[in-house]
Amino acid sequence: MIHARGVWAAALAARVASRRPWVKVLYDVRGDYVAEHAFHRAGRGDATGLRIRAGQWRIGRAEARACAAATRLLCVSEALRATLEARYPGAGVKAAVVPSGHDPRRFFLDPELRARTRASLGLADAFVLVYAGSMVPYQLPGSLARMGRIASELDPQAHLLILTQDPEVARGFLKRAGVPEGRATCLRVPHAEVPAYLSAADLGLLLRRRDPVNQAASPTKVAEYLASGVPVLLSPEIGDTSALVVKEGLGAVVDDPESPRALREALRDLLARGLPARGHVARVARQRFARDRFLPTYLDLYGQLSLAAQRGATAR
């Protein structure tokens with residue numbers, strides 16, 4: 001049995017399985033690789049062009065081989081499963097969905113940790129917005145910074161907390177967006193300390209453009225925000241996550257994350273309604289994203305592949 005993570009590993013596993021009928025493949029699909037190729041080349045997953053199409057053809061051929069050879073597939077979202085089924089009929093039927101999740105031993109509701117971290121930051125009474133991640137263009141750092149300015153205009157206690165490996169870059173975006181001095185903090189922190197800083201927040205941010213890459217995605221950071229009891233403000237059509245946030249009342253979706261007006265309206269409306277209860281947010285995250293919840297799924301898939309491998313070996 002081969003658990004192949006990613007298209008190229010799965011294509012190689014498919015070649016092995018084609019010569020050895022007792023070898024069975026679980027293709028672990030982490031995203032829309034065809035769209036990702038266009039995204040990395042041109043900044044959009046739906047971009048076209050001769051060079052882009054040539055790379056997509058190679059990826060599509062490898063993925064078609066992987067989907068055909070795999071006994072089962074894993075997808076990070078229902079949206080990704082639907083994409084694969086449309087592209088390679090029959091692939092979606094073989095797929096199980098396991099979203100990118102959080103470690104429940106590290107990310108959970110902890111009121112004492114929250115209080116200590118807020119006090120250490122000097123933000124005990126603040127309305128804290130948090131973003132954890134890079135400052136690369138697809139994360140819309142300009143929009144994140146504008147949200148910091150908008151939040152400070154709507155709430156005199158608002159403070160934007162950015163956890164990133166590029167704090168100086170983040171400060172540049174904040175300055176250009178006109179975020180008032182003292183209303184934002186940019187930190188580079190060890191991964192082990194991230195849970196404490198997320199616990200300190202009142203609202204998590206994830207702003208991305210509408211794009212085929214994001215439509216198939218399952219961002220781990222959203223699971224970690226929610227598991228910490230932090231509701232989220234995010235873009236539409238981010239995998240299955242945006243719809244879940246609306247359905248379960250876990251925050252709000254901003255229709256156009258690059259529009260200052262849309263950002264202002266989304267935050268203003270969310271504050272007017274009142275933020276979701278932290279306990280509710282953490283409970284839904286525990287049910288929907290905790291990694292240990294999906295252990296039975298993995299065991300079932302491995303069992304299916306093991307039985308199929310035994311039958312293949314017997315038929316030799």
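Q: Before we start, what does "partly exposed" mean here?
A: Buried is under 20% relative accessible area and exposed is over 50%, with partly exposed in between. Keep in mind that this is a predicted model.

Q: OK. Is E237 buried, exposed or partly exposed?
A: E237 has 37% relative accessibility, so it counts as partly exposed.

Q: Where is E237?
A: In the loop between strand 9 (232-234) and helix 11 (241-248).

Q: What about its backbone, what is the phi of E237?
A: About 60°, a positive phi, although E237 is not a glycine.

Q: Switching to L140. What is its phi?
A: Near 50°. That is a positive value in a residue other than glycine.

Q: Where does L140 lie, and is it buried or exposed?
A: L140 lies in the loop between strand 5 and helix 6. It is buried, because its relative accessible area is 5%.

Q: Now helix 5. Which residues are buried there?
A: L113, R114, T117 and R118, in a helix that runs over residues 111-121.

Q: Why are they on the same side of helix 5?
A: They cover an arc of only 125° around the axis, which puts them on the same side of helix 5. An α-helix has 3.6 residues a turn, so residues three or four places apart point the same way.

Q: And which exposed residues are on the face turned away?
A: P111, E112, R116, A119 and S120 of helix 5.

Q: What covers the buried residues of helix 5?
A: The cover includes strand 5 (127-132), helix 8 (194-199) and helix 13 (278-288).

Q: What comes just after helix 5?
A: G122, which takes a positive phi of about 70°.

Q: You mentioned helix 13. How does it sit against helix 10?
A: The axes of helix 10 (residues 220-227) and helix 13 come within 7 Å and cross at roughly 135°. Helix 10 and helix 13 are therefore oblique to each other.

Q: Which residues meet there?
A: A223, L226 and A227 in helix 10 meet V281, A282 and A285 in helix 13. By class, this contact of helix 10 with helix 13 has 6 nonpolar residues, no polar and no charged.

Q: Next pair, helix 2 and helix 3. How do their axes cross?
A: At roughly 155°, and the axes come within 9 Å. Helix 2 covers residues 33-42 and helix 3 covers residues 50-69. Helix 2 and helix 3 are therefore roughly antiparallel to each other.

Q: Is the crossing of helix 2 and helix 3 left-handed or right-handed?
A: Right-handed.

Q: Which residues make that contact?
A: Helix 2 brings Y33, V34, H37, A38, R41 and A42. Helix 3 brings R51, I52, G55, Q56, I59, G60 and E63.

Q: How does the contact of helix 2 with helix 3 divide by class?
A: Into 6 nonpolar, 4 polar and 3 charged residues.

Q: Last one, D155. Where does it lie?
A: In the loop between helix 6 (141-154) and strand 6 (158-163).

Q: Is D155 buried or exposed?
A: D155 counts as buried, because its relative accessibility is 18% and the cut-off for buried is under 20%.

Q: What does D155 touch?
A: F127 and R183, leaving out residues up to four places away in sequence.

Q: And how far apart are D155 and H40?
A: They are 38 Å apart in space, C-alpha to C-alpha. In sequence, D155 and H40 are 115 residues apart.

Methods. Residues are numbered from 1 along each chain as its sequence is written. This is a predicted model: local features need pLDDT of at least 70, side-chain atom pairs count only at pLDDT 80 or more; totals for chains, interfaces and linings use all residues. Side-chain values use heavy atoms; hydrogens and water are left out. Buried means under 20% relative accessible area, exposed over 50%, partly exposed in between (1.4 Å probe, protein chains only). Helices (H or I, at least four residues) and strands (E, at least two) are DSSP runs, numbered from the N terminus. The arc is that of the directions from the helix axis to the C-beta atoms. Contact means heavy atoms within 4.5 Å. Axes are lines fitted to C-alpha atoms, for helices over the stretch in contact, and angles run from 0 to 180 degrees between N-to-C directions. Angles under 35 degrees count as roughly parallel, over 145 as roughly antiparallel, 65 to 115 as roughly perpendicular and the rest as oblique. A crossing is left-handed if the near helix is turned anticlockwise from the far one by less than a right angle, and right-handed if clockwise. Ala, Val, Leu, Ile, Met, Phe, Trp, Tyr, Cys and Pro count as nonpolar, Asp, Glu, Lys and Arg as charged, and the others, Gly among them, as polar.
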